[in-house]
Amino acid sequence: MKKYIIASVLALSTILIAQAQGSKSTIYPTVLEINQAKATWFNTNNAAGMILTPLSDFGTLSVGYDMKVGSYRQQQEGDIKTLNINTSGSSPLGRARVWGEFSYQNITQENSKFNTLRLTLEPDMPYILADSRPSYFKKQVYDMTVKAATPLLWDIVAFGVTANYFTKSGAKQIDPRSDSYEYGIEVKPSTVFAFGDHSTGLTFIYKNAFDRYSPLNSNSQQDQPAFNLRGVGSFVNAVVGSFGGLGTYYYKTNRLGGALQYGYQGNNLKVLAEANYTYQVIDVFHTPAKPFRMGSTIQQVMGGNIQMVLEGDYFTNKVTIDGYKRSTDGIEYIQVIDATYTVQQWVSIAKFIRSEYDFTGLSLKYDIFRDSNEGYDWMAGIQGQYTDRLDTYIIPESSFKAENVYGEIYGKKNFMSGNNSIVVGLSAGYNYNIAGEHKYNGPFPDSEVVRDLYEKDLAILSANYYQFGINLKAIFPFGEKNTIYVAASCKYLRANETLHNYSYGTDTEGKNFWWNLNPGNQLTPSARTFANFSIGFTF
Amino acid sequence: MKKYFLLAIVLLTALSCEQFKQVAEIVEVTPISATVKISVSGADSDIPLPASYTVRFINYGENFEISRSTDASGNVSADGLIPGVYTVTATAESAGGGFTYYFSGSLTNINILTSGQTFNINVVSSRAGALIFKEIYFNGSKGYYFKDQFYEIYNNSDAVQYVDGMGIGNILPALASTTTYNWEVPDGKPENYIYLASIWQVPGDGDDFPVKPGESIIIAQIAQNHTAIKPTSPVDLSGAEFETFIVKQSVNPDNPNAHNMILAFDKGVFGTQWLVTVFGGAYAIFFPDSEIDPNGWVKPQGMSNQAYPIPIDCVVDAVEIVNNATKINQKRMPTSLDAGATYTGATYNSNSVSRKIRETTKDGRHIYMDTNNSSDDFQINNEAMVRRNNPGVPSWNTWYKK
């Protein structure tokens, strides 16, 4: 299957590149950047609308290397080094428009803890197998997305579809280790209606994913302790290895949803608003020969965004407002073995919502571009983000909260030397923590899960920090419109004060405890560095 | 092609609808309450009854436990329970006539899903166990060596005990797992028995092998100095009182000093030695109420495994050993014999399990914990040790060298 997909993408890229030969102006990466900012419909779930605000014709191919290192990270994240290969392109196909992207990532993840199986971690998926040994993963990710839009039929309606397919494989390299595979497909058929300057769109969203993980040990004589996490510090002990040890884990995902769009496109002003909703269920179980249900999650996401683009004689201005609300219920099953000899299976006799995961995100972003033939002469921007995460375990009552506000300014200058270009960018940001707390009332307050996972993650997620970034891109045109570019970027993040220390309290029975934010100096301030180097072509 | 694509979309959407339907209308969990009523049966009138019972509501799946004491009527209510599958145990002690009496009863794997349920527990009394498993070494040692398995039986009472005719065996299923057996017994009451894969019996005429208070005997799989045979083995079993010697084999040497146990039922014995799983068996010692009939086996419904039924009333002591902590809710031994389980969590690393010392008498004799709950009574040892804590050695063992 994978080879057909790769062949399809390469064929698509070839078509796009061939189609793009008709264009004569040089495709600077800065041109692609500003074009994407202006292509408001492209930035929604509605592919059909791409016909209204089309991307320019282009093709890209790049190879890059990413690093994320440093101790300012969540426990499960680790240090990450990634080799990227990416190709993308946009072009008319007859009177229709198509856009496609394919990426391959080869990832090495080191010093990751409390994740034995998963290649992709989501904060609202509590049901994972975890162990406390610092480990490293080797992963490969193939990801392909295609968008296509018909021409505007009868000058009123267009149809489109977005399709994404990804496959990930990987393996944890230290006992308890794993063979891990994740697959998924997302399809978003859409339509758009245009009425003069106004337009409306409708999108249907469907996603299906399937993950499979096999926990195992290299040393068969030493069982490895692990934890079946259930959220907010709740867990049950597990063992990898031994007779009757944990079997293969499966995650089955289905998501349905939709989105509505409204657009206005005047002479200089473009406005596009979108509201979307998705409903997703993930079932988690292990040992398929005798399936045991770890749990299920029901996730509901409501989101909306507004894009406004104002194009003047010399400047392009863009304002983007995003809102995102995610509510997830964690369901656990009470199961018993049906001992009937013809059955001998786990049977679910009751199920309850045991935990809840709420996340709210708001962001406001303003960009200004000084237009030029090479895309832009300079650009500047400012953005603010508000995030609020609240995880709750209902019985025994526990909670985890992290509320933050983040602001960033950034800008880039395009220095031209003949046809060659050097783009230099700078950014600076600051995160202010509004609140952070972990309350735990379960039976194991001194466990590694509570102290080494949740305590340390809380320290990270509730810290104030600053970050600075610099990026450089040297662009060299060749041929009629092609460029080769070399890019490098670096961002440095550091908690600007001692990480929060947490006080330890117990109730009168000496059992329950909670962590409170306190100033202190027990945890060393930590930092994280993000670096990227890439070389690429535009066609 | 297009129609297949559309068909696939329709099918996947239908599947997703089925998945959505399964999680519809699920409510938030709320704490619930339950009541337990204690009744005592079979206690002689001269045995003093305890003032109250300790009732434990154990939900192994949740790592959750609540412990409450009954009132004078033997009733207790517990609130704040998480809906789930519980093991409920009731225990108490009383003393009289120079003896300690244990009262115990339990309910296993009961569903407490809604508030207001009442459960009755019938407790029975027993005098503190005289002969007990003191240490069990089943793990084996590095290099896949398992011939050094042994069982130490200790006289925990203050009276001489005779082990002549005592049986020892491991029950089926051999491993703690989700596989359960539905035994078919002639009297139709499978709950009254344990089902042994193999039975070894101590020889003797009834008074040949006395064990004084504070003394222990060793039953070795093979009574040899294993540290000389396999340097990774931690034990010298050449001084063992008994060995489970397979007569019709020549691979393993016979220790001329150690008495050979009698293989009374052999369905669980294969090859040249009595190997019980290194992952943890469930063991019992007992005095059978009738002669063991090699053909008196029974089978579980729909299966071919053969095991010998021993009435629970004949069991002197029983210990459930599981692979690891996650297997406790898959235990095999009836909770009336062992309400918990112990484990080492590893294989071939010389670990063993042994009882914790409850108290030491003035004359230096240890009395070990024997609450019929191995989770509480046993400890895990990094290395097996023969005659840990210096128990006495029977006087008839003239070959043991300290």
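This is a predicted model: local features need pLDDT of at least 70, side-chain atom pairs count only at pLDDT 80 or more; totals for chains, interfaces and linings use all residues.
**View 1. The contact between domain 1 and domain 2 of chain B.** To this contact domain 1 of chain B brings 8 residues, and domain 2 of chain B brings 7 residues. On the side of domain 1 of chain B that touches domain 2 of chain B, the strands β5 (84-96) and β6 (99-112) of chain B each supply at least two residues. By class, the residues on this side of domain 1 of chain B comprise 1 nonpolar and 7 polar, with no charged residue among them.

**View 2. The contact between chain A and chain B.** Here 37 residues of chain A are in contact with 42 residues of chain B. Two or more residues of the chain A side come from each of β8 (198-216), β10 (234-240), β11 (249-265), β12 (269-286), β13 (292-311), β14 (315-338) and β15 (345-372) of chain A, and the largest share, 6 residues, belongs to β15(A). The side of chain A that touches chain B holds 22 nonpolar, 9 polar and 6 charged residues.

**View 3. The fold of chain A.** The secondary structure of chain A consists of 3 helices and 23 strands, and of the 539 residues in chain A, 39% are buried. When contacts in chain A between residues at least 6 apart in sequence are considered, 68% of them join residues that are at least 24 apart.

Note on methods:
Residues are numbered from 1 along each chain as its sequence is written. Chains are lettered from A and ligands numbered from 1 in the order in which they are written. Two residues are in contact if their C-beta atoms, placed from the backbone, lie within 7 Å. Helices (H or I, at least four residues) and strands (E, at least two) are DSSP runs, numbered from the N terminus. Ala, Val, Leu, Ile, Met, Phe, Trp, Tyr, Cys and Pro count as nonpolar, Asp, Glu, Lys and Arg as charged, and the others, Gly among them, as polar. A residue is buried if 20 or more other C-beta atoms lie within 10 Å of its own, exposed if 12 or fewer, and partly exposed in between; C-beta atoms are placed from the backbone.
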